[in-house]
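Here's a quick tour of a predicted model. Have the viewer open and follow along.

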Amino acid sequence: MDAGDHFRLAELSLFLGRWSEAITQLSAAIQSDSDFEHAGSARAARDYIAAITDNDEDSAHEAYSRERSHLDKDPEDGVAAYVVVHWLLRSDNGTQALPIIEALIQRQPHLYQYDELKLAALQDVGDNPRIGAQLASMHAKYPERRELSGWYVAWLEANSDIRAASDILFAETQKESRTETSIPKYVEFLQRHGGDGGAAKRLQELLDAGELTVGEPDFRLALADLWEKVGNVPFAVRTLEAVVEGGDGTGKRSDAIVRLARLLDASGDRQRARSEIDRLLGWDSENSAALKIRARWNLEDGLADDALRDLLGANLQLSRDAEYATLLGEVYLLQGLRTLAGQQFALAYEYSRGAAPEAKRLANHLISELNYGSADLLLETALDRHPENVELLKLAITVASELGDEVRSASLTERLRVSDDAAASVLNGDTTEYRR
């Protein structure tokens, strides 16, 4: 390669942010021909990078000034353009940087880094309409850049163009490779601007109109969650049934059956919930979600051995699954193996990263073992994470009372009283909740 080739590679490396590679190419250009037409620009760029790296502002400005002269003489000197733009943007002078960047874009209209620099300059200037136009242009020009849709949607939302933002997010859901991440983002957007009910209505409209070319099972699963949140259980059940009946062979059918069984069980129809789980386990005997549900039912029926068989069949022994650890702990508890049960409850607490239900379960077990000291330490940590959790406050009052710590008990009782009306009402009940 000749000096010019090295110089062009240096320009590309600079705009890609690969300064080490740029230095290598600039040095190679100079070594190849110390008098080639851009040798002065190459030296100034090399000096500029070194000065910026060393936080030497005076030397950086001197190198910038030299590059400014080179750029004035040759507006197509990309290396000089990079240095000048870099200095101007770090000096919050986007106004002067913009015409230089626009000239670069005219030379190479489809180089993302040039457009990204233009966006940065417009943001520095604070030209909001042009920022929107630039984001729209980049979104259309670089469809493979996933981050652009997020930036453009954020701008549209900030400028109250909700319809346009919604259209962009919906279009993302119809790209075959992006449904896993784009559908949740779209649903969250609809919830943010229309609540659960508004989001459910929009998804139902899309399904009824047949506007989905990809991702229909995912949309139906999201819709079922929304119907459940707004209390429309019959609609949620029907939506899940549609996924089950339309089985797509990608695991969505199994997911829908598990959700349907949970919903039916919570609604009091365990018989049908059991039939759904049995149907799923008929073709997927190791489905861990279904086996955990059946294990829970077996525990409630006092069938510890059957519950244990289901849990072992789920093959989750090494999974760090909090629900699995809790269920296994309850099996051990039913079998009278209290030490092993406590170990599993502690693992569930760890796996859940200190979630409130697992904290309560472990605290209850420690209290039942009369291990008030450990329960006190656990609850202190849990209440730091969940300071207004009524059940944890209630247990902490119990432990403080058992330890004879009247000051702490009174303080916790006051916290419980003032937290909110619902929490205060708990004081009318029993604060000594001992478990099996």
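## Aromatic pairs

This predicted model has 10 aromatic pairs. One of them joins Tyr48 and Trp87, edge-to-face, with 6.5 Å centre to centre and 75 degrees between the planes. Tyr48 sits in helix H3 (residues 39-53) and Trp87 in helix H5 (residues 78-90), so this pair ties together parts that are 39 residues apart in sequence. Tyr48 and Trp87 are both buried.

Then there's Tyr112 with Tyr142: the ring centres are 5.2 Å apart and the planes are at 90 degrees, so this pair is edge-to-face. Tyr112 belongs to helix H7 (residues 112-125), while Tyr142 is in the loop between helix H8 (128-141) and helix H9 (146-158), 30 residues apart. Both Tyr112 and Tyr142 are buried. Tyr112 also has Arg145 lying over its face, 3.8 Å from the ring centre. Elsewhere, Phe15, Tyr82 and Tyr114 make up one aromatic cluster.

## Helix H19

H19 covers residues 338-351 and reaches 20 Å from its first C-alpha to its last. Its buried residues are Ala341, Gly342, Gln344, Phe345, Ala348 and Tyr349. These span an arc of only 165 degrees around the axis, which puts them on the same side of H19.

Their cover includes helices H18 (322-334), H20 (356-368) and H21 (372-385). Arg361 lies over the face of Phe345, 4.7 Å from the ring centre.

Mean pLDDT for the protein chain is 91.

Key. Residues numbered from 1 in each chain as written. Predicted model: local features only at pLDDT ≥ 70, side-chain atom pairs only at ≥ 80, totals over all residues. Heavy atoms only, no water. Helix = DSSP H or I, 4+ residues; strand = E, 2+ residues; numbered from the N terminus. Expected span 1.5 Å × (residues − 1). Buried < 20%, exposed > 50% of the residue type's maximum accessible area, 1.4 Å probe, protein only. Arc of directions from axis to C-beta. Contact = heavy atoms within 4.5 Å. pLDDT = per-residue confidence, 0-100. Phe/Tyr/Trp six-rings, centres within 6.5 Å; stacked < 30°, edge-to-face > 60°. Lys NZ or Arg CZ within 6 Å of the ring centre and 35° of its normal.
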